[in-house]
Amino acid sequence: MRNNHDITLEEIFSIILRRKYGILLILFVFLSASLFYHYRQTPEYRAVSIMMINSTKGQGDLLSSVIGISEADNKAVRKDVELLKSMPIAQLVVKELYNSSIKDSLEFFGKRRYISPVDRKIGKFLFIKKDKEKTKNKLAFDDELRGYAVKLNHRIIVESIRETNILKVSVLSPFPDEATFLTNTLCRVYKEADIARNSEKYSQARKIIADMLEDQKKKVVVADDELSKYMELHKIYEMSGNMQQLLEKVITTDAKYNDILVEYNIAKNHLDFLEKKLSESDKAISMRIAESANAQLGSIIDEMRKREREYVNFAREKGFNNSEVKAMRQRLDVIKTRYEHLYRSKIAGEIGYAGRTQKYGFNLISEKLQFEQKLNDLSFTSKEYGRLKQYYESQLLTLPRKQQDYAKLLREREVVNKTYFYLKEKYDETRLLLGSEVGSISLVGTAFRPFSPDKPDISKSFMTGFILGCIFAGIYSVIAEKLDDSIKDKRFFKDLELRVLAVIPLLPNNGDGSFSGNIRAHLNRIINLKNGVLGKRIFNKIFYSNHYDGKRDDRSFIPKITDQMSSVFSESFRTLRTALDYSKVDSPLKSIVISGAAMSEGKSTVCANLGMAIAITGKKTLIIDCDLRRASQHEIFNCSRQDGLTDYLFSQHQMIGDLYIKPTHVEHLFLLTAGNKIPNGNDILSSPKMFKLIKEFESRFDMILIDSPPFFLSDVAMLLRSVDGVLLSARLYFTSRKHFEEFVADSFIREHLLGVALVASNEHALDSYSAYDEY
């Protein structure tokens with residue numbers, strides 16, 4: 001039996017060459033299917049718009065650097081990526097599309113349908129449109145809007161470019177013009193929403209300040225009126241001396257106190273605005289961060305409070321315009337600036353430690369914590385100025401009653417005027433901020449009409465089809481090799497320890513002769529592989545039924561070495577002749593049985609041409625056609641089948657006469673044909689008369705070649721007892737390995753085997769012989 005061995009690269013290429021037509025067919029089918037699928041798919045066009053996220057200078061810079069925006073998306077804020085793909089933005093875009101003038105021509109709303117080139121050619125235009133419209137009309141507008149928002153959300157693609165603050169925004173559509181329109185609409189709506197979102201706090205502060213300014217304006221009018229009436233009534237026109245200085249201090253302190261209260265109210269209003277934006281979890285995070293930061297900065301807070309108190313007390317003694325008081329104020333501002341910087345650092349550090357997944361919420365937390373710190377600072381300052389205010393008021397009480405009333409009215413007028421101008425300044429600041437707000441989004445480039453769809457990609461479709469084709473071609477090759485039991489190469493005989501005496505080229509044939517690659521031979525091999533010997537016999541009975549009733553096909557072409565002596569075909573039989581001469585050196589061969597494992601392997605052609613090759617050397621050679629079921633030697637040598645082997649064996653003659661021995665066109669080569677067809681060929685070949693005949697021929701001829709039936713018939717076994725050896729004919733990609741192994745495994749047959757005459761293609765034959773002209 002054969003030894004198992006690892007498959008080599010050479011064998012893989014050999015398998016590919018053997019299965020090349022099946023492999024090419026499978027590749028063609030899969031490539032065609034991939035192209036068919038490609039052109040049936042709905043394309044996805046991507047019109048890309050470039051959006052830049054502007055970095056905001058100020059409180060967010062330190063936070064951005066700590067939480068590591070540069071590591072992930074750099075300056076491309078993660079919140080903008082999420083917001084662009086959020087449902088609220090999608091709903092805003094759908095509303096904008098719904099109100100657009102081209103709504104009725106958008107595929108997004110189902111107003112037009114993409115038809116693939118394949119469907120267009122085969123006429124598959126059936127789709128339900130009216131029913132869908134009726135269904136939509138029954139839906140509430142909000143539900144319909146929500147459904148379109150979900151649809152749009154699935155089409156939006158936002159990609160951040162690493163190490164930049166740039167986003168690539170696109171909306172998918174089967175039509176390039178619509179993809180462009182959808183993308184530009186999305187970017188425009190988001191930019192407007194971003195401006196509105198960023199300006200909301202300024203609008204809120206401006207409204208509060210406007211209300212306060214209106215109230216303060218009324219207070220100014222009332223204060224001026226009351227002061228004028230009092231001065232006219234009491235004939236008071238001015239103040240002088242210490243009273244004037246004291247009144248200036250009271251007015252300055254009172255004005256500063258009111259300014260602090262105004263700023264406190266503005267900050268408190270904005271803090272309430274931020275509180276509404278934060279979730280409960282964000283508020284909890286804010287509380288933890290505030291406690292941690294205050295605990296770490298407690299000493300600085302205490303120092304700042306101490307310096308604030310000292311500054312107010314010193315200002316009470318010297319006045320706010322004193323140079324020493326101003327210098328102390330500068331030192332206090334330095335401490336406050338240092339504290340604000342450290343406080344922001346602590347907030348950023350705590351947020352960076354907490355995580356980076358909610359940057360938008362963390363920005364609000366940071367802003368909220370800083371406003372809380374500002375409120376605490378304003379609250380402390382207002383208390384200090386409140387005490388200073390009370391001190392000056394207590395001094396005013398020492399004045400005469402008339403002067404007290406006048407000072408009170410004058411102070412109120414000056415304070416409300418200063419407060420009014422302070423509010424007017426704040427109102428103008430918010431107006432400027434609101435007017436200059438452009439948001440954090442800049443559209444670097446609007447989307448333009450794409451030239452080709454993003455999906456499907458024809459190269460990817462083609463590559464997918466090719467890969468799948470290769471996979472299935474590989475599976476086909478493996479299965480085909482497993483099912484194909486034929487002999488593939490000479491290694492098979494080497495594993496069986498059999499000699500390949502010669503490689504005979506397989507020549508083309510117009511008929512049904514040996515060495516042909518016709519359909520009948522391939523069908524014969526398929527039946528042999530699938531059903532074994534019995535199936536092959538049934539096939540032959542049906543397909544070759546005319547062979548069994550004495551009628552033969554027209555063998556229009558049987559190759560002979562005498563047709564062209566310099567061909568590879570002729571050289572192969574000369575090689576076979578030489579190999580047989582050296583197969584048994586001790587006892588020269590006189591009689592050889594030529595057989596095979598199956599029909600149509602070319603054994604008869606091998607026998608005839610080997611006889612010619614031996615006869616050409618001058619040896620008297622006789623060919624005996626013992627294949628009584630499918631006799632063919634009389635057709636090869638163009639002579640009559642009658643007066644042959646069966647006729648002699650059934651005759652009463654004890655010695656065979658020259659009537660039975662027919663000469664051929666080759667000198668020294670003679671032929672004993674099969675004779676008339678008989679029903680019991682097996683019995684006659686095993687008769688003593690047959691054995692005696694072979695012995696007689698051995699004395700009359702130099703070489704006897706017996707063309708016997710294949711091994712699966714019992715006729716061969718009868719002949720082996722009277723010959724010197726057996727030459728097996730095998731055919732690559734045709735002869736069954738299993739059957740061949742079974743035959744050579746028989747010890748009786750094995751001891752008579754001389755070797756194998758291997759019939760192969762021209763390529764295999766040329767590997768064994770040097771340059772000769774092809775037949």
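Glu 571 forms a salt bridge with Arg 574, with 2.9 Å between the closest N and O atoms. A salt bridge here is a side-chain nitrogen of Lys or Arg within 4 Å of a carboxyl oxygen of Asp or Glu. Both residues lie in helix α20 (residues 568-581), three residues apart, about one turn of the helix. Helices are DSSP runs of H or I with at least four residues, strands are runs of E with at least two, and both are numbered from the N terminus. Glu 571 is buried, at 17% relative accessible area. Buried means under 20% relative accessible area, exposed over 50%, and partly exposed in between (1.4 Å probe, protein chains only).

This is a predicted model: local features need pLDDT of at least 70, side-chain atom pairs count only at pLDDT 80 or more, and totals for chains, interfaces and linings use all residues. Residues are numbered from 1 along each chain as its sequence is written, and side-chain values use heavy atoms, with hydrogens and water left out.

A search of the whole structure finds 18 salt bridges. Side chains of opposite charge can pair when their charged atoms come close.

| Pair | N to O distance | Helix |
|---|---|---|
| Glu 571 and Arg 574 | 2.9 Å | α20 (residues 568-581) |
| Arg 329 and Asp 333 | 3.3 Å | α14 (residues 323-354) |
| Glu 698 and Lys 695 | 4.0 Å | α25 (residues 688-700) |

Arg 329 is partly exposed at 26%, and Asp 333 is partly exposed at 32%. Glu 698 is buried, with a relative accessible area of 15%. Shared partners also join Arg 19, Glu 481 and Asp 484 into one salt-bridge network.

Ile 684 sits in helix α24 (residues 681-685). Ile 684 is buried, at 8% relative accessible area. Beyond its neighbours within four places in sequence, Ile 684 is in contact (heavy atoms within 4.5 Å) with Leu 628, Thr 646, Leu 649, Phe 650, Ile 678 and Met 690. Thr 646 is 38 residues from Ile 684 in sequence, yet their C-alpha atoms are 7.8 Å apart.

Leu 468 lies in helix α17 (residues 458-483) and is partly exposed, at 37% relative accessibility.

Overall, the protein has 29 helices and 13 strands. Buried residues make up 47% of its 775 residues. Of the contacts with a separation of 6 or more, 82% join residues 24 or more positions apart.
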